[in-house]
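Subject: Structure for you to look through

Hello,

Here is the structure I said I would pass on. Please open it beside this email and follow along; my notes come after it.

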Amino acid sequence: MTYYDPRARNPATSRRPLNRRDDEWIRDLLGRLQICRISTLWQGEDGEAFPFINPTSFVYRPETHDLIYHSNLAGRLRANTENSQRTTFEASEMGRFLPSNDPLEFSVQYRSVMAFGVSRLLEGEEARRALYTLCAHIFPDVRPGTEMQPISDEQLGRTSVYSLAIERWSGKENWAEQADQTLDWSALPDHLLKPPA
């Protein structure tokens with residue numbers, strides 16, 4: 001029985017309303033995070049699909065509401081993007097694992113963003129500006145033309161720079177001090193319930 005169809009239900013909507021966060025929260029988290037996972041798909045004419053996840057650095061550009069990342073000139077990420085521009089993005093911040101006396105309530109502290117959209121390959125000056133923005137996000141004190149040499153045409157020709165235009169996104173947070181516990185079993189001792197930080 002099919003209970004979920006992303007064409008009928010927005011995949012950016014969390015099933016736990018209490019964990020959902022608003023657009024301002026999402027923008028703030030994306031402004032702090034630097035590492036993400038990019039999910040792409042290569043699908044052959046016969047319908048066989050080969051999903052791929054690539055961890056990489058990124059920057060969110062609020063003025064254009066897109067995500068910038070890059071990869072090698074050739075490889076699975078580029079091939080998948082050329083095959084199907086549909087892309088999923090995930091970035092997160094993790095805290096402590098949270099134990100419970102109920103095995104289904106083990107949890108973890110997290111803040112995360114999921115984004116869905118279409119990726120395209122950037123070229124020329126657009127790619128150069130995007131790479132400068134990415135460098136400034138990761139290394140704000142390393143400036144082109146001062147601490148870092150300017151990006152040359154030859155260097156641009158050795159990389160693939162992408163823009164993921166965000167169509168939908170969602171933010172979730174669970175930063176509870178402890179996981180839910182059951183009254184049907186003995187309570188966890190304090191040294192397990194609240195391990196040292």
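**Strand pairing**

Strand 6 (residues 86-98) and strand 7 (residues 107-122) are paired antiparallel, with eleven bridges between them. In this pairing, A91 is opposite V113 of strand 7. Please keep in mind that this is a predicted model.

Strand 7 also pairs with strand 8 (residues 159-174), again in the antiparallel sense, over 13 bridges. Two places to look at here are V118, which stands opposite A165 in strand 8, and R120, which stands opposite S163 in strand 8.

Strand 5 pairs with strand 8 in the antiparallel sense through seven bridges, and Y69 has Y162 of strand 8 as its bridge partner. Strand 1 (residues 20-21) runs antiparallel to strand 8 and is joined to it by two bridges. There, R20 has K172 in strand 8 as its bridge partner.

Is strand 8 enclosed or open? Of its 16 residues, twelve are buried, so strand 8 is largely enclosed by the rest of the structure.

**The chain as a whole**

The protein chain has five helices and eight strands. Along the sequence they come in the order β-α-β-β-β-β-α-β-β-α-α-β-α. The C-alpha atoms fill a box of roughly 65 × 50 × 30 Å along the principal axes. The chain has 197 residues, and 36% of them count as buried. If you take the contacts between residues at least 6 apart in sequence, 73% join residues at least 24 apart.

**The nonpolar cores**

The largest nonpolar core has 21 residues, and those touching the most other members are L30, F58, L67, F89, V113 and W169. Two or more residues of this core come from each of helix 1 (23-32), strand 2 (35-43), strand 5 (66-72), strand 6, strand 7 and strand 8. Another core lies apart from this one; it has ten residues, including V59, L122, L131 and L156.

Leaving out residues up to four places away in sequence, F89 touches L30, C36, R37, I38, F58, L67, V113, M114, A115 and L164.

Which residues of helix 1 are buried? They are W25, I26, L29 and L30. Looking down the axis of helix 1, you will find these buried residues within an arc of 130°, so they line one face of the helix.

**Aromatic rings and charges**

A search of the whole structure turns up four aromatic pairs. One of them is W42 with F50, a tilted pair with 6.0 Å from centre to centre and 55° between the planes. W42 has a relative accessibility of 35%, so it counts as partly exposed.

Two arginines sit over rings. R111 lies over the face of W175, 3.8 Å from the ring centre. R168 has its charged end over the ring of F116, at 5.8 Å from the centre of that ring.

**One backbone angle to check**

Where is H65 found? It is in the loop between strand 4 and strand 5. H65 is not a glycine, yet its phi is positive, at about 50°. For background, most residues other than glycine have a negative phi. With a relative accessible area of 29%, H65 is partly exposed.

Regards

Technical notes: Residues numbered from 1 in each chain as written. Predicted model: local features only at pLDDT ≥ 70, side-chain atom pairs only at ≥ 80, totals over all residues. Heavy atoms only, no water. Pairing = 2+ DSSP bridges. Helix = DSSP H or I, 4+ residues; strand = E, 2+ residues; numbered from the N terminus. Core = buried A, V, L, I, M, F, W, Y, C linked by side-chain atoms within 4.5 Å. Buried < 20%, exposed > 50% of the residue type's maximum accessible area, 1.4 Å probe, protein only. Contact = heavy atoms within 4.5 Å. Arc of directions from axis to C-beta. Phe/Tyr/Trp six-rings, centres within 6.5 Å; stacked < 30°, edge-to-face > 60°. Lys NZ or Arg CZ within 6 Å of the ring centre and 35° of its normal.
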